Amino acid sequence: MEDRKLDAKWKAVLHDLGKRPASPEFLLDLGLIYDVLQELAILSIELQSQQVTPPRADLLIKRTKESFKDEPGEHTQLVLNATKNGEF
């Protein structure tokens, strides 16, 4: 009996996942995650430099944090433009 409930629940989850990628919200989240990971990768490489000092590291971290406040990242902006122009 439990297996049937689990199977039905799992099927419902998979059905919902099929719909999720079609939503603008999902694509916006995906664009944001991409931009954040890209910025964090750049920050990570800079922080691993042999010449980085603690004050320089602090500056790099603050700069990265501020970059998210100024304007949307490249991929986030692509999704915003696509939804605004009805391309999605």
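Helix α2 gives the largest share of the lining of the largest pocket, 4 residues (helices are DSSP runs of H or I, at least four residues, numbered from the N terminus). This is a predicted model, in which local features need pLDDT of at least 70 and side-chain atom pairs count only at pLDDT 80 or more, while totals for chains, interfaces and linings use all residues. Residues are numbered from 1 along each chain as its sequence is written, and side-chain values use heavy atoms, with hydrogens and water left out.

The pocket itself comes out at about 180 Å³. A pocket here is an open set of points on a 1 Å grid over the protein atoms alone, where a 1.4 Å probe fits, with protein on both sides within 12 Å along at least five of seven lines; lining residues have an atom within 4 Å of a point. The volume is the space filled by probe spheres set on the points. Its lining includes L32, D35, Q38 and E39, along with S67, F68, E71 and E74, and α2, α3 and α4 each supply two or more residues. By class, the lining splits into 3 nonpolar, 4 polar and 4 charged residues (Ala, Val, Leu, Ile, Met, Phe, Trp, Tyr, Cys and Pro are nonpolar; Asp, Glu, Lys and Arg charged; the others, Gly among them, polar).

As for how the helices pack, α2 (residues 24-47) and α3 (residues 54-70) sit at about 170°, axes 10 Å apart (axes are lines fitted to C-alpha atoms over the stretch in contact, and angles run from 0 to 180 degrees between N-to-C directions). That makes the pair roughly antiparallel, the label for angles over 145 degrees. Residues in contact (heavy atoms within 4.5 Å) include D35, E39 and L43 of α2 and L60, S67 and F68 of α3.

Helix α4 (residues 74-84) packs against α2 at about 160°, with the axes 7 Å apart, so these two are also roughly antiparallel. Among the residues making this contact are L32, D35 and Q38 of α2 and E74 and T76 of α4.

Terms used: Parallel < 35°, antiparallel > 145°, perpendicular 65-115°, else oblique.
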